[in-house]
Amino acid sequence: MMFVENIDSGRYTTTSQSIQFGPWNISYDISCILPSVCSTKVVCERNDNQFCQFCIYCKELSLPHFPDMVFPKNILKLEHKSGTAIQFNPLDALRNVSTKARAIEVACAEEWQESRPNATKPKNTFDWTFSTDYKGTLSENIIIEPTEEAIDFDLLKRKEQIIFYHDLTLFEDELHDHGISKLSVKIRVMPTYWYVLMRYFLRVDDVLVRSHETRMFHLLNKDYILREFTVKEAKAQDINIPTYQMKEADDVIPFLPVKEKKMEKLIINLEKN
Ligand SMILES: [Zn+2]
């Protein structure tokens, strides 16, 4: 994994916001959408390591096509003064999309096709739902350990002053108007902690609903971050919610059964080497 800013910094207009929170610098960039063709052919064809975002995506990913909307520089960064860094970026998220169709995607495509005989069949040579189990990009000095410790959700619900907040979309695809596949990440900084929720949400209308959620929680002055990864999924027929009431992830995710849950401690080295 590499940090996106290293591969073509300065060639793409972005706006940024940042905040200093104890030893952390927390920032995000916002960019426009990934173009669907090479935007600087003369430069990219020189092949001297300067490429437009589109060409970077083509080189780095082996997907036959990308989601309708990718925001290549919508990136959330959490950097600790020790050098520890956590990043959420769409390129690394799309690296984790399977290039082989899994059984579920094929079944899904067939069922989808049966319900819409005139629709163009989604390509099932890869995971066309862009399902990703991306949990963020971590710097190498972070030690990952399993833990029993849970995120303190009571603390998260407490009404306190919000110091910093943003909701970034990393990519989104409307599955040819038959659903949604979306990856987004939210950051919230409060007086004593920061909290990140990254959410991959998939709804294939009348077929399937799925979510992959990564939560990161860090109490100021602790030497670790809690990371919770949760997979939820249900067939549309098994959840009694009409499609029109499933427009937003929040409408449906709380009702989905949990398929997998993993708690980890990300230990950060507080000493600067
Ligand atoms: Zn290019």
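The lining of the second largest pocket consists of 7 nonpolar, no polar and 4 charged residues. This is a predicted model, in which local features need pLDDT of at least 70, side-chain atom pairs count only at pLDDT 80 or more, and totals for chains, interfaces and linings use all residues. Residues are numbered from 1 along each chain as its sequence is written, and side-chain values use heavy atoms, with hydrogens and water left out.

**Second largest pocket**
- Two or more lining residues come from each of α5 (153-157), β9 and β10.
- Phe-153, Tyr-165, Lys-186 and Arg-215 are among the residues that line the second largest pocket.

**Largest pocket**
- The residues lining the largest pocket comprise 3 nonpolar, 3 polar and 10 charged.
- β9 gives the largest share of this lining, 5 residues.
- At least two lining residues each come from β8 (164-173), β9 (179-189), β10 (193-204) and α6 (249-252).

**Leu-94**
- Leu-94 lies in helix α3 (residues 90-95).
- Leu-94 is buried, with a relative accessible area of 1%.
- Leaving out residues up to four places away in sequence, Leu-94 touches Tyr-57, Leu-61, Leu-63, Pro-67, Val-70, Phe-130 and Phe-171.
- The C-alpha atoms of Leu-94 and Ser-131 are separated by 8.6 Å, and these residues are 37 residues apart along the chain.

**Terms**
- A pocket is, on a 1 Å grid over the protein atoms alone, an open set of points where a 1.4 Å probe fits, with protein on both sides within 12 Å along at least five of seven lines; lining residues have an atom within 4 Å of a point.
- Ala, Val, Leu, Ile, Met, Phe, Trp, Tyr, Cys and Pro count as nonpolar, Asp, Glu, Lys and Arg as charged, and the others, Gly among them, as polar.
- Helices (H or I, at least four residues) and strands (E, at least two) are DSSP runs, numbered from the N terminus.
- Buried means under 20% relative accessible area (1.4 Å probe, protein chains only), and contact means heavy atoms within 4.5 Å.

Technical notes
Buried < 20%, exposed > 50% of the residue type's maximum accessible area, 1.4 Å probe, protein only.
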